Amino acid sequence: MTSLQHVNPTVKGIRESAHSGLQSLAAHVTQEIAQGVQKPFKEVIDISSGDPHKAGMKPISFVRQVLAVCLHPELLGNTTLPWDVRLRAQRLLEVCDGGSVGSYTDSSGIPHVRQSIAEFIMRRDVGVHSHAKDVFISAGSQRGLLVILKLLASGEGDTQTGVLTPRPCPHTLPTLLDDAGVALVPYQLMEDRGWAVDLSELHRALKCDRGGCNPRAIYISNPGTPTGHVQDWKSIEEVIRFAAAERLLLLVDEVYQDSVYGQGKEFISFKRVLFEMGKEYSGTVQMVSLHSLSSACMGECGLRAGYMELVNMDPEVTHFVDTMLCTDISSPVTGQLALDLMVNPPRPGDPSYDTYTQEILLIQATLSQNAQRAHEFLNDLPGMSSQPAKGGIYLYPRLHLPSEIIEKAKKLEVEAGVLYCQMLLKEEGVFLGAGCQNGETTGNHYLRLCILVPAETLEEVLARLASFHLRLMDTCPYPDRGVKGRDIRDTL
Amino acid sequence: MNHGTALLWKRRALSSLSATRRGLPKEKMSENGVSPRAKVLTIDNMNPTVKKVEYAVRGPIVQRALELERELSEGMKKPFVEVIKANIGDAHAMGQQPITFFRQVLALCSYPELLNDSSFPEDAKSRARRILQSCGGNSMGSYSASQGIESVRQDVARYIERRDGGVPCDPDNIFLTTGASDGIVTMLKLLVCGEGETRTGVMISIPQYPLYSAALAELAAVQVNYYLNEEKCWSMDLSELQRSLDEARRHCNPRALCVINPGNPTGQVQSRQCIEDVIRFAAKERLFLMADEVYQDNVYAEGCQFHSFKKVLFDMGPEYSDIVELVSFHSTSKCYMGECGFRGGYMEIINLDEEVRAQLTKLVSVRLCPPVPGQALMDLVVNPPQIGEPSYDKFIKERTATLSVLAEKAKLTEQVLNTVNGISCNPVQGAMYSFPRISIPEKAIKEATDKGQQADMFYCMKLLEETGICLVPGSGFGQRDGTYHFRMTILPSTDKLKILLNKVKEFHQKFTEQYS
């Protein structure tokens, strides 16, 4: 019989994520409710991950209408659907083999969609050239990232490939790096500066770890996940120069590029900055930038499609990117078509334009209002502090936990933030993420919540969270009230 | 101009000056003393294991076929009017129609406003409502649990129980996957360990479906070939299994045995006796059985029947069913659905150690979740319209038509190819392919070798250039030394298939004469 000793060491080496444990707990609580167990709440609200639809946000009508027609082409004759919907569906069906979304596609994606994406990138980056052949579609952007990591990965022990990774980072990233067999080399983001990237910290992280592994890439997300930080031009340029000087492949996650709401902030793509830095950079710096359907406005996580644009990658290498994608055969077709709709939405004059625009505006307004509301609300709670988010779909507030909780967690052999989330789930039916999943190991504790949710849902979450949090602070005889802003690192 | 624009202009102006001209110090060497302008990821420093990954089904022949199609559409003159692609098992691409009911439900799930539309039958609507209820926020756009939507797994379990005459199936043993490929690669990844002589070996049938060899190459696992018996209609041969295993044990640790039934590319449907023998062999040699059963509804030949490995295992009693480790794979891509583009699939795991299972659960969670439309489709496949429901008649009609056309084409293919001198074709008992043996004259073999090509690749390339027919050479799937084959699908429409078969016949005769 196969036993643990026969399991692939790389698989065994994938760290356990506290998220799965919390997910099981949430499922358990939901089941109890279904079985009639009395609780002070009617249902579990899950805003622990970037899943807007789960929390009640609505899909974009145009997208779903076009997909419905593509799925069931008889609807091409259904006049209750706007003509631009039907026309687009017809066009998309033409680029599917046999006119069906049930066919395989090229492994790197439907050529028409890759071209649409390239054109979108060119429009966005005002004249910087983009080629369809450098765009690779995968079943979710992480799948594409995994392919690149596999191409990079080599060595073991101190020659093992390392990736500079922000702390905090997306909670699904550490396990992905483990799966690819690469080492995570953390660089701390600066909390007191709204989670900015600090160049001297990048240098420190690199120097510290050069002995431990062989760093060959740097990962960065902009807008930052889960921090909500939005980089300005100077910051992006600094990172590019650093990566170029230190020969690091730039892995840039720009999935939330459509959700910048902070005053005076705008999304600037790494590629655009790179191409303004002159030929010595734009002709040589290698970069992979990621985008996907899991973006704020689409929220179509379950359709599983994303893309990566490869910059300055040799054709011999991109040949192998395509080969590796072959083992997935091809990405889900409905997802690929949705990507086309994402980068090529209705235009002024199209029948669907008004509805589309209204829906996008509603999403953006909800997001920025929620960000403001949640930030202020949580900051007002004793024992909690929050950096204002400027983009993305998360808030990442800090918990200043009483020592009683920290002791209790130690005894239960659980991370204190995870214990907090477990208790919150059991007592109030609210499922938030624990900061340790985002790589937070400095001894500080954080929560992660998705704020792209209906406003009423956010109010409900904030009310339940406050109720729980205040109760918790009250039960501790000597609570650490008023110690907001003190960083544990200051006491070291 | 405003301040922002001025700033932008200045920035652009500065960046176009080189560092020295701006009076800044020259770029210093990086921490590791390497010139900062060399590329990080090149073909030379790329992971060497990746270079060994190839995927025959999509290789150079397909690229050339696409080029020819482009040239034709641009008006270039060719000895043929169209390219007929019989290289990939993609039914819809070749004109097979989807099942109406499935697409109606999926359209309703995509845009639930259509639930108010009277042109949809009631049973499609109630199915859509049920699926949407099982999705977070009633949307297919939500992530699902990594193992798959629970109600879908339950429906899959019930399907398996019905199919296997009541043998119990635990929904917790069902993992929904992104196509069967995902499940196969996941299980292989899970099981590969060791170094050198203890490195995991995985037994795969030759000829094989290239996903297996590609995955094994990427994992740096040892590929252990066992030959199917061409003389006995590509059946599995116990003595050959034993030979292959004993030989492999000398240099690696063979731990898994992969079987594709019905077979790809060979089309054989294994007999019940054969499956029993294989299970006994796996039990005796302690091999993890991986049964790829994606073609389970594609059985055409008289006297042939699909027997699931699980059913046979449980019929053999607890002496076997308590201990043999088995994983079986299914998908939405084949059978009568042909819905490759949805990437729907599942695997059922039997007798997996609890700790190993926990590792598997952890591994699948890294992928977040399988595509939800694919999960929804799988739910419909295992739960089709029932007698009395409004969509039942049409569903049965469509399913029967698709399967019977495939059966006719299977027969036709075998018949026509066997009339050709120098081509010998085993009966296409099931699946979607034919893998006939072709004789290639010495002269042609020499010319191929001179060109650095495998002889059957040379043959297929010539076939493509002269007739526009795209097939895959047998060397991409593996074959006994000194033998040559090609794989063709039986998916083109009956008319096109007839054209294809006749052209192949003509070509082969011409080719043989030319090189005799």
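Good morning. I begin with a contact between a charge and a ring: B:Lys310 lies over the face of B:Phe314, at 5.7 Å from the ring centre. A second example involves B:Arg480, whose charged end is placed over the ring of B:Tyr227, 4.3 Å from the centre of that ring. Please keep in mind throughout that this is a predicted model.

Let me turn to the aromatic rings. Searching the whole structure gives 20 aromatic pairs over all chains. One of them is formed by B:Phe435 and B:Phe477; the ring centres are 5.8 Å apart and the planes stand at 80°, so this pair is edge-to-face. The two partners come from distant parts of the chain, 42 residues apart. B:Phe435 belongs to the loop between strand E10 (433–434) and strand E11 (437–438) of chain B, whereas B:Phe477 belongs to the loop between strand E13 (472–473) and strand E14 (484–489) of chain B. Both B:Phe435 and B:Phe477 are buried. There is also an aromatic cluster in chain B, which brings together B:Phe458, B:Tyr459, B:Phe486, B:Phe507, B:Phe511 and B:Tyr515.

Next, the annotation. UniProt, in an unreviewed entry, places the feature "domain: Aminotransferase class I/classII large" at residues 121–503 of chain B. Over residues 121–503 of chain B, the model has 44% helix and 16% strand, with the end C-alpha atoms 45 Å apart.

I now take one helix of chain B in detail. How many of the residues of helix H8 (residues 210–219) of chain B are buried? Nine of its 10 residues are, and the helix is mostly covered. Among the buried residues of H8(B) are B:Pro210, B:Tyr212, B:Leu216 and B:Leu219. The elements that cover the buried residues of H8(B) include helix H2 (48–51), helix H7 (179–191), strand E3 (200–206) and strand E4 (222–227) of chain B. Strand E5 (253–260) and strand E6 (288–292) of chain B are also included in that cover. Just after H8(B), B:Ala220 has a positive phi of about 55°.

Phi of B:Trp234 is near 60°, a positive value in a residue other than glycine. B:Trp234 is located in the loop between E4 and helix H9 (238–249) of chain B, and at 4% relative accessibility it counts as buried. In chain A, A:Ile329 likewise has a positive phi, near 65°. A:Ile329 is found in the loop between helix H12 (315–326) and H13 of chain A, and counts as buried at 3% relative accessibility.

There are cis peptide bonds to report as well. The bond from A:Arg167 to A:Pro168 is cis, with omega near 5°; A:Pro168 is in the loop between strand E3 (161–167) and helix H7 (173–180) of chain A. In chain B, a cis peptide bond joins B:Asn261 and B:Pro262, with omega about -10°. B:Pro262 lies in the loop between E5 and helix H10 (272–285) of chain B.

I come to the packing of the interior. In soluble globular proteins, nonpolar side chains tend to be buried together. Here the largest nonpolar core has 222 residues, and those with the most contacts inside it are A:Leu249, A:Leu251, A:Tyr420, B:Phe102, B:Met187 and B:Met290. Apart from neighbours within four places in sequence, B:Met187 is in contact with B:Phe288, B:Met290, B:Val327, B:Phe329, B:Met347, B:Ile349 and B:Leu360. A second, separate core has 40 residues, including B:Ala65, B:Leu471, B:Tyr484 and B:Met488.

A:Leu339 is in helix H13 (residues 333–343) of chain A, and its relative accessible area is 0%. Not counting residues up to four places away in sequence, A:Leu339 touches A:Val113, A:Ile117, A:Ile137, A:Ser292, A:Leu293, A:Ala305, A:Gly306 and A:Tyr307.

Finally, the cysteines. The whole structure has zero disulfides over all chains. A:Cys421 counts as buried, at 1% relative accessibility. For B:Cys135, the closest cysteine sulfur is in B:Cys109, 6.8 Å away, again too far for a bond. B:Cys135 also counts as buried, at 6% relative accessibility. Thank you.

Technical notes:
Residues are numbered from 1 along each chain as its sequence is written. Chains are lettered from A and ligands numbered from 1 in the order in which they are written. This is a predicted model: local features need pLDDT of at least 70, side-chain atom pairs count only at pLDDT 80 or more; totals for chains, interfaces and linings use all residues. Side-chain values use heavy atoms; hydrogens and water are left out. Rings of Phe, Tyr and Trp (its six-membered ring) pair if their centres lie within 6.5 Å; planes under 30 degrees apart count as stacked, over 60 as edge-to-face and the rest as tilted. Helices (H or I, at least four residues) and strands (E, at least two) are DSSP runs, numbered from the N terminus. Buried means under 20% relative accessible area, exposed over 50%, partly exposed in between (1.4 Å probe, protein chains only). A charge sits over a ring if NZ of Lys or CZ of Arg is within 6 Å of the ring centre and within 35 degrees of the ring normal. UniProt positions are given in the numbering used here, feature names are shortened, and annotations may be inferred rather than shown by experiment. A disulfide is a pair of cysteine sulfur atoms within 2.5 Å. Contact means heavy atoms within 4.5 Å. A nonpolar core is a set of buried Ala, Val, Leu, Ile, Met, Phe, Trp, Tyr and Cys residues joined through side-chain atoms within 4.5 Å.
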